[in-house]
Amino acid sequence: MIEAHSGHMVRGAPEQDIDESALEVGSPKRAAAGVKGVLVSLQRSWEQMGAGRTLKTLPLLNQRSGFDCPGCAWPDPREEDGDRRKLAEFCENGAKAVAEEATTRRVGPEFFARHPIAELAGKTDYWLGQQGRLTQPMVRLDGDEHYRPIGWADAFDLIAERLNGLDSPDEAVFYTSGRTSNEAAFLYQLMVRGFGTNNLPDCSNMCHESSGSALTETIGIGKGSVSLADVEQADLVLVVGQNPGTNHPRMLSSLEKVKRRGGRIIAVNPLPETGLMRFKNPQNVRGVIGGGTPLADEFAQIRIGGDLALFRAINGLVLEAGAVDREFVDAHTHGFEEFAAQAAEIDWAATEEATGLERAQIERIAGMVIASERTVACWAMGLTQQKAAVATIREVVNLLLLRGMIGKPGAGVCPVRGHSNVQGDRTMGIWEKMPKAFLDALEAEFGVPVPRRHGLDTVDSLRAMRDGRVRAFVGMGGNFVAATPDTEATEQALRDCELTVQISTKLNRSHAVAGRTALILPTLGRTEKDVQAGGEQFVTVEDSMSVVHRSRGRLEPASEHLLSEVAIVSRLARRLLGNGHPVRWEVFETDYDAVRDHIANVVPGCEDYNRRVREPDGFVLPHPPRDSRTFRTATGKANFTVNEAAPLELPEGRLLLQTLRSHDQYNTTIYGLSDRYRGIEDARRVVMVNPADVEALGFADGDVVDLVSEWGQDGTTEERRAERFRIVAYPTARDCAAAYYPEANALVPLGSVAERSNTPVSKAIVVRLERR
Ligand SMILES: Nc1nc2c(c(=O)[nH]1)N[C@H]1C(S)=C(S)[C@@H](COP(=O)(O)OP(=O)(O)OC[C@H]3O[C@@H](n4cnc5c(=O)[nH]c(N)nc54)[C@H](O)[C@@H]3O)O[C@H]1N2
Ligand SMILES: Nc1nc2c(c(=O)[nH]1)N[C@H]1C(S)=C(S)[C@@H](COP(=O)(O)OP(=O)(O)OC[C@H]3O[C@@H](n4cnc5c(=O)[nH]c(N)nc54)[C@H](O)[C@@H]3O)O[C@H]1N2
Ligand SMILES: [Mo]
């Protein structure tokens, strides 16, 4: 179905719900990427946007004059590091992310007239995402069954009136997802703090909060300490709890370089993820015709949640071997004696039980660590979403400190971020507990009082909504309802809100499960031209390695009604804060340089921002441990920590379930039903279980079951159920299982959070399988 719409060719999206019940299981693929990856990306791009737009967009991805890939936060090669960008500096999944945004499918007023909100709520995330780009501001007033169009000015008036009508600014929360640009994020937090609250939950609360928490305490800054060159020059790279083949495919090129140089890679994962085992680089001949480069030298198939015990044992072995970098430890660290006293003892029986690994393998891994002069530790959600996430990451830091691996070339910590600008949003002040120095600087720059009481994070926002303490929600991007845990409770919390506002590019569940009065404000995406009164604008972003650079889209906007995020925030702030407000909101949207001038004055490390972001590769933010082995912690040194490994209790007949991403999704946006590398096609409601466990539990491959999570607190056990999952016998670690996010979010209790970071425990859920 092709129909004309505001001058664009519009490709039809499926009107019927998409059948997700068919299932085909092959064997897991042996190598990631290769030619098939290129073909898939081109096919998806063509389906969503046709040949013309495909050719216009993909070559601009991650180029200096183009736009930043809206996929992951893996950095681009830099000239400074002697690295040239390739003509195709993107991956299969980056291309899919672009195709999703640059799609020619549209969700306009006719769509909303056709589909009542209750009907949309019954659709799958896949179906919702496939409908296309939002084109006009829409509103649902209390009692309405449909969204209907509303003008921008009326929308801002309505939102301002409702927010100003609350008893306190703390009755509203303002969520941010990590695609928002630095400029929009900076203005957004200024508006929110000007309004009078620090309620700025973000997707980071569910993502790398545990990394930030552990790193700030131990090295004094919550960001990674390596550059791309460091990773590529390492002797040894640990890839822990991360699936780069799917989620950070461009990282595989760096890992391949490590291998070519004779470096080694250790993968720690309950699943033998294809990208970690072998990689076919589509950009060289060997990748195209050969069998690819074998990546992991050692694959530690760990039991879910066993990482703390593993790293404790490795640290014990490093101490035992006398392989401590005494010079580094004496000069730069604090707490070594106390740490060493505890770490020297290894309880092997407990370690083997917790990790599911054999002593001999752990000893081999420790030997590789000891032999390496340049070690980088990378990790992602497999660590951050555990119950003991913060303690586990602190233990990884202990290892690097023992070996003096911070602040020298080819070594360091590398928390691999998710969203392309999630790190930048934090730098710009999107955090419910920004430090005092930042708030002081904000107050001084704008002459407006800034609230000091910490705000609510994501989980606490949900609890406050549930309890009626929060009555209004504003979302700058993202898909709050689908990304958060405890689906049933969460959906109710959102429906009970008096007002929900979603600033979005595409239709998603958060538009279908909305507050009593609900607004959708459609915005420009990364790929699109942003033309304002002051001319064509660019925005800036920060990648996972603290590189700040420009991003400029080239496509015509999806609709003439769209506003940029900067324009939306500036106009809303004017209405919300009133005409007498000392901040001159009206100047920002004309020329984003005006925003950047303020960023330069407020945000540490951003001095002379407007000039430095115009450098071809942007600039790198300061990182004291990386730059000078300076540690701005409470002790003035890098801190060793003592971490107790409390084993995860698994009652008889239960499994530890993790929720993860398939190869064909971006978080809650489902691109398709193919988890190609894992050999699973045409289905998402599947649960992967080790064949021996399938048999031991009395099931067979292909059986359909309900997943029931059991979560104990204060002597009671709560149960949650997700229905109709097909068992797939799969080589995961024993006692473990895996199902896709967001379908399995219903099983994650709101009360089950990582210690200290308050991140939902999405990776170690105790479940039983119940036959249907
Ligand atoms: N194409 C694509 N790219 C993406 C995303 C996407 O959805 N699609 N999402 C983006 C975002 S926001 C993020 S945060 C990142 C996420 O990137 P990842 O963290 O790679 O994402 P997950 O799919 O959650 O994979 C978690 C990995 O940890 C492993 N794991 C689970 N439990 C444990 C454990 O207890 N110990 C260890 N050692 N490993 C464990 C799983 O088997 C899996 O390989 O990717 C970003 N990039
Ligand atoms: N069970 C379980 N839950 C999880 C996770 C897990 O592993 N397991 N992972 C967690 C993690 S790591 C994360 S980061 C969160 C993700 O949580 P979110 O960031 O909230 O979710 P996304 O699916 O990335 O958001 C997608 C939506 O963002 C909007 N969007 C896309 N681009 C733009 C843009 O440029 N501007 C604006 N304004 N909107 C845009 C589109 O409307 C799209 O529908 O989920 C978390 N939830
Ligand atoms: Mo994330």
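**Two ligand sites in a predicted model**

In this predicted model, an N or O atom in the side chain of Asn745 lies 2.8 Å from a nitrogen atom of ligand 2. Ligand 2 on its own exposes 930 Å², and the protein buries 96% of that area. In Thr659, a side-chain N or O atom is 2.9 Å from a nitrogen atom of the ligand. In Tyr741, a side-chain N or O atom is 2.7 Å from an oxygen atom of the ligand.

The shell around ligand 2 holds 29 residues. Tyr175, Ser177, Ala483, Glu565 and Thr668 come nearest. By class, the shell has 15 polar, nine nonpolar and five charged residues. Domain 2 (133-206 + 421-557 + 580-612) and domain 4 (655-771) both contribute to this shell, so ligand 2 lies between them.

The contact from Gln665 uses a polar backbone atom, 2.7 Å from a nitrogen atom of ligand 1. Met381 also contributes its backbone: an N or O atom there lies 2.8 Å from an oxygen atom of ligand 1. Arg661 uses its side chain, with a polar atom 2.8 Å from an oxygen atom of ligand 1. Taken alone, ligand 1 exposes 930 Å², of which the protein buries 99%.

An unreviewed UniProt entry places the feature "domain: Molybdopterin dinucleotide-binding" at residues 655-713. Over residues 655-713, the chain is 47% strand and 10% helix. The end C-alpha atoms of this stretch are 18 Å apart.

A polar contact within the protein involves Thr333. This residue is in strand 15 (residues 333-334). With a relative accessible area of 9%, Thr333 is buried. A polar atom of the Thr333 side chain lies 2.6 Å from the backbone oxygen of Val329.

Technical notes
Residues are numbered from 1 along each chain as its sequence is written. Chains are lettered from A and ligands numbered from 1 in the order in which they are written. This is a predicted model: local features need pLDDT of at least 70, side-chain atom pairs count only at pLDDT 80 or more; totals for chains, interfaces and linings use all residues. Side-chain values use heavy atoms; hydrogens and water are left out. UniProt positions are given in the numbering used here, feature names are shortened, and annotations may be inferred rather than shown by experiment. Helices (H or I, at least four residues) and strands (E, at least two) are DSSP runs, numbered from the N terminus. A polar contact is a pair of N or O atoms within 3.5 Å; within protein, one must be able to donate a hydrogen and the other to accept it, and residues adjacent in sequence count only if both atoms are side-chain atoms. Accessible areas come from the Shrake-Rupley method with a 1.4 Å probe; for residues, only the protein chains shown count as cover. Buried means under 20% relative accessible area, exposed over 50%, partly exposed in between (1.4 Å probe, protein chains only). A residue is near a molecule or strand if one of its heavy atoms lies within 4 Å of it. Ala, Val, Leu, Ile, Met, Phe, Trp, Tyr, Cys and Pro count as nonpolar, Asp, Glu, Lys and Arg as charged, and the others, Gly among them, as polar. Domain bounds come from an automatic or database domain assignment.
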